Every structure is written in C-alpha cells, then in structure tokens.
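This report concerns the packing of helices in a protein model. Please look at the sequence and the structure before reading on.

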Amino acid sequence: MKEQDRDNALLEYIARKCKQLRAEKGVSQEAVYEDTHLHIGKIETAKKNLTVRSLSKLCNYFNVSLIDFLKDF
C-alpha cells in the first residue's frame, strides 16, 4: 500500500482504542476474530487499513458508537 493511502495517526489511534476496548471487555484477539471475522491483531498493530464497514463492525462488537469511538482523535 502506498504511504499516501495510509493515515498513520488515525490507524495508530484505532489500534490503541481497540486494545483498550478489548481489554475492558476482557476478550482475547482470538475471541474477537471468532465473533467478528476481523483480524484484530493486524488492526491493533496499525498494519491494516480499515474499511468503514469493519470499523462499524468493531464498534458494534464493543458496544460503542462510531462517534464515541472517534471522539478523542
């Protein structure tokens, strides 16, 4: 992926937020994958450029609105 196609600051924020929410929920990366079919490990290391659909799916999984997820960015 070309560097200009990535917003590293946003991806790193999403990575930190996902780690935080996963820890609060007390679930493993494997459990998130089993429930969502999303490779959370790649997301939590900011290696994966997400789609809005994937981010929405994670928000639903963690029971947080998209607005609340991104409010501190």
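The model is predicted, so local features need pLDDT of at least 70 and side-chain atom pairs count only at pLDDT 80 or more, while totals for chains, interfaces and linings use all residues. Residues are numbered from 1 along each chain as its sequence is written, and side-chain values use heavy atoms, with hydrogens and water left out.

Two packed helices are described by the angle between their axes and the distance between the axes. Axes are lines fitted to C-alpha atoms, for helices over the stretch in contact, and angles run from 0 to 180 degrees between N-to-C directions. Helices are DSSP runs (H or I, at least four residues), numbered from the N terminus.

| Helix pair | Angle | Axes |
|---|---|---|
| α1 (residues 8–25) and α4 (residues 52–62) | roughly 25° | within 10 Å |
| α2 (residues 29–36) and α4 | about 110° | 11 Å apart |

The axes of α1 and α4 cross at roughly 25°. That makes α1 roughly parallel to α4, a term for angles under 35 degrees. The crossing of α1 with α4 is left-handed (the near helix is turned anticlockwise from the far one by less than a right angle). Contact (heavy atoms within 4.5 Å) joins I14, C18, L21, R22 and K25 of α1 to L55, L58, Y61 and F62 of α4. Seven of these residues are nonpolar, none is polar and two are charged; here Ala, Val, Leu, Ile, Met, Phe, Trp, Tyr, Cys and Pro count as nonpolar, Asp, Glu, Lys and Arg as charged, and the others, Gly among them, as polar.

Helices α2 and α4 pack at an angle of about 110°, and they are therefore roughly perpendicular to each other (65 to 115 degrees). On the α2 side the contact involves A31, V32, D35 and T36, and on the α4 side K57, L58, Y61 and F62. This contact has five nonpolar, one polar and two charged residues.

The structure holds one salt bridge (a side-chain nitrogen of Lys or Arg within 4 Å of a carboxyl oxygen of Asp or Glu). R22 forms it with E44, and the closest N and O atoms are 2.7 Å apart. Because R22 lies in helix α1 and E44 in helix α3 (residues 40–44), the pair ties together parts that are 22 residues apart in sequence. R22 is buried, at 17% relative accessible area (buried means under 20%, with a 1.4 Å probe and protein chains only). E44 is also buried, at 4%.

Helix α4 also holds C59, which is buried with a relative accessible area of 2%. C59 and C18 are 9.1 Å apart in space, C-alpha to C-alpha.

Terms used: Helix = DSSP H or I, 4+ residues; strand = E, 2+ residues; numbered from the N terminus. Parallel < 35°, antiparallel > 145°, perpendicular 65-115°, else oblique. Buried < 20%, exposed > 50% of the residue type's maximum accessible area, 1.4 Å probe, protein only.
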